[in-house]
Each structure stands twice: as C-alpha cells, then as structure tokens.
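Dear colleague,

I am handing over the structure we spoke of, and my notes on it follow below. Please read them with the model open beside you.

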Amino acid sequence: MTALLEVREVSVQFDGVRALDTVSFAVAEGELVGLIGPNGAGKTTCLRAITGALRPASGRVLLDGRDLTGLPPHARVRLGLGLSQQLVRPFRSMTVAENVMLAAGLARTARPLRALVQNDRGCERARALELLRRVGIEDAAAARPATLPLGVLKRLEVARALALAPRLLLLDEPLAGLNSAEARALADTIAALNADDGLTVVLIEHNLAEVLRSCRRLVVLDNGVRIAEGAPQAVMADPAVRVAYLGEDPDHAAA
C-alpha cells in the first residue's frame, strides 16, 4: 500500500533533552494505526512534530510524498491533516453545529475577501449536520458546549476535525476521561470512519483495550525511541514492549 504519512528520523529536543530520537515510521493510506507507549514516551511530541506545532531538530515529515518540513500548521491542514485534540476546547459562545460549521468553512478562508460577500452558509450547515450525525450527536446540534457532558464534547472534537475534510486524521487521546461504555462507543465510531469511509487514522490512546480492539497495526514509543511496530498481538508479545509499556520485570518478559 502507498504511504500517506512518512515520519523520517525525526528528533525533537527540549533544553538539550531529546524527546524524540530519530523516530521513523509510515502509515499507509486507509490504515488505522495506534501510536502507543507509557507516559513521557514522546507520543504527543511526535504528533506535534507531524502537525507543525513543533519544529524538529532533524528529520522530515511527508504527506503523500510532499515534504511538510518548514510548513506552519495551517498550511498542513490545507494539505490534508486533521487533528482532534486531547483537551476539548470548543467555542462556548457558539452552538455545537456552529462549531463544526466554522471548521467546515475552511475553504472560504483561503479567499477572505470573497468570503465577506458570500453570506450564505447553507452548505456549511448541511455539512456540519451530516458530520454530527456521523459521530452520533446530531441531537445536540443546537446546544451550547457548556451544557454538554464530556462524552458529547469528545465527539464534537472529532466532528470539527472531520469538517476540515482531512486525508489523515490524527487523534490525541480521544477516549481519555470517558467511562468504559462511552470509550467503546467512540472507538467503534473511529473504526467505522476508517472502515466505512476509508479515512486514514493515527490514534494516540492510553486505553489499551480499545486500541487493541480497533487498530490493525501499532507503533510503540518509549523514551522518545520507536521500540516496536507491527500487528497488535505480535507487538504486545514483544519483551521490550512488555517491559516499557506494561512494566513487567525484564527477566519475566524475556522468559
């Protein structure tokens, strides 16, 4: 399969400390890949390097063969990156639908002067309502985010990312803070976006049970280094992963 995302020997430093050390991996078009590891492994740092929020000390990030190095985040979004943040921060003065409509209007912002004279937002509203239906919260379209539980807000964050029409969707701990039923339901929605819509997804998540149930391939980081990659069962059986991620005794893991 053709690689949609390529991370090539990316290193990131903070005050002389390497948060990522020559990390490389690729994601094929149509894949659902889990990026996992213990706290402090470098997962979010890697994601921020992909989106352009951090500038790597070395290495490159490519999207469909195009080098993104040096491009700001908004330029990467226009090329097909979508991101769902771990911390949900919708515009609380807007309704749920209006939050998604704002993201759906990305194409208009490429030509601000034209946007000023085009007042019809019917297309954006229709798109927003369809995406809210797709993530299962269409009944909350007219509600204000401040009145909604975390489970709905997490789905709103996914809908806002989808409104950007991404080729690659990056999800940073979308299940964090959810109970087991909510986490399972949202994981099913993410898997459906991948399986039914063909959307390429990279999932950073600490809920290992849902990652193993949903993802077809895993990339494991520990202390800023990629220590394993492959099918979930094979990766989780790797002694290095069991030591780093599950905290097993090294002698027991190697046995």
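How many bridges join strand 7 (residues 168-172) to strand 8 (residues 200-204)? Five bridges join these two strands, which run parallel; helices (H or I, at least four residues) and strands (E, at least two) are DSSP runs, numbered from the N terminus, and two strands pair if DSSP finds at least two bridges between them.

Before going further, please note that this is a predicted model, in which local features need pLDDT of at least 70 and side-chain atom pairs count only at pLDDT 80 or more, while totals for chains, interfaces and linings use all residues. Residues are numbered from 1 along each chain as its sequence is written, and side-chain values use heavy atoms, with hydrogens and water left out.

As to the chain as a whole, it has 12 helices and 10 strands, and of its 255 residues 49% count as buried, where buried means under 20% relative accessible area, exposed over 50%, and partly exposed in between (1.4 Å probe, protein chains only). The accessible surface comes to about 12,200 Å², of which 52% belongs to carbon and sulfur atoms; accessible areas come from the Shrake-Rupley method with a 1.4 Å probe, and for residues only the protein chains shown count as cover. Among contacts (heavy atoms within 4.5 Å) with a separation of 6 or more, 66% are between residues 24 or more positions apart.

Axes here are lines fitted to C-alpha atoms, for helices over the stretch in contact, and angles run from 0 to 180 degrees between N-to-C directions.

Within strand 7, five of the five residues are buried, and both faces are covered, with L168, L170 and D172 on one side and L169 and L171 on the other. Towards strand 8, L168 has T200 as its bridge partner and L171 has L203. Strand 6 is joined to strand 7 by four bridges, the two running parallel, and G82 stands opposite L169.

Two helices lie across parts of this sheet.

In the loop between helix 8 and strand 8 is L199, which is buried, with a relative accessible area of 10%. Leaving aside residues up to four places away in sequence, L199 touches E31, L162, P166, R167, L169, L193 and N194. The C-alpha atoms of L199 and L32 are separated by 8.2 Å, although the two are 167 residues apart along the chain.

Finally, there is a helix pair to look at. The axes of helix 3 (residues 96-104) and helix 6 (residues 122-134) come within 8 Å and cross at roughly 115 degrees. The contact is made by V96, A97, V100, M101 and A104 of helix 3 and by E124, R125, R127, A128, L129, L131 and L132 of helix 6.

With best regards
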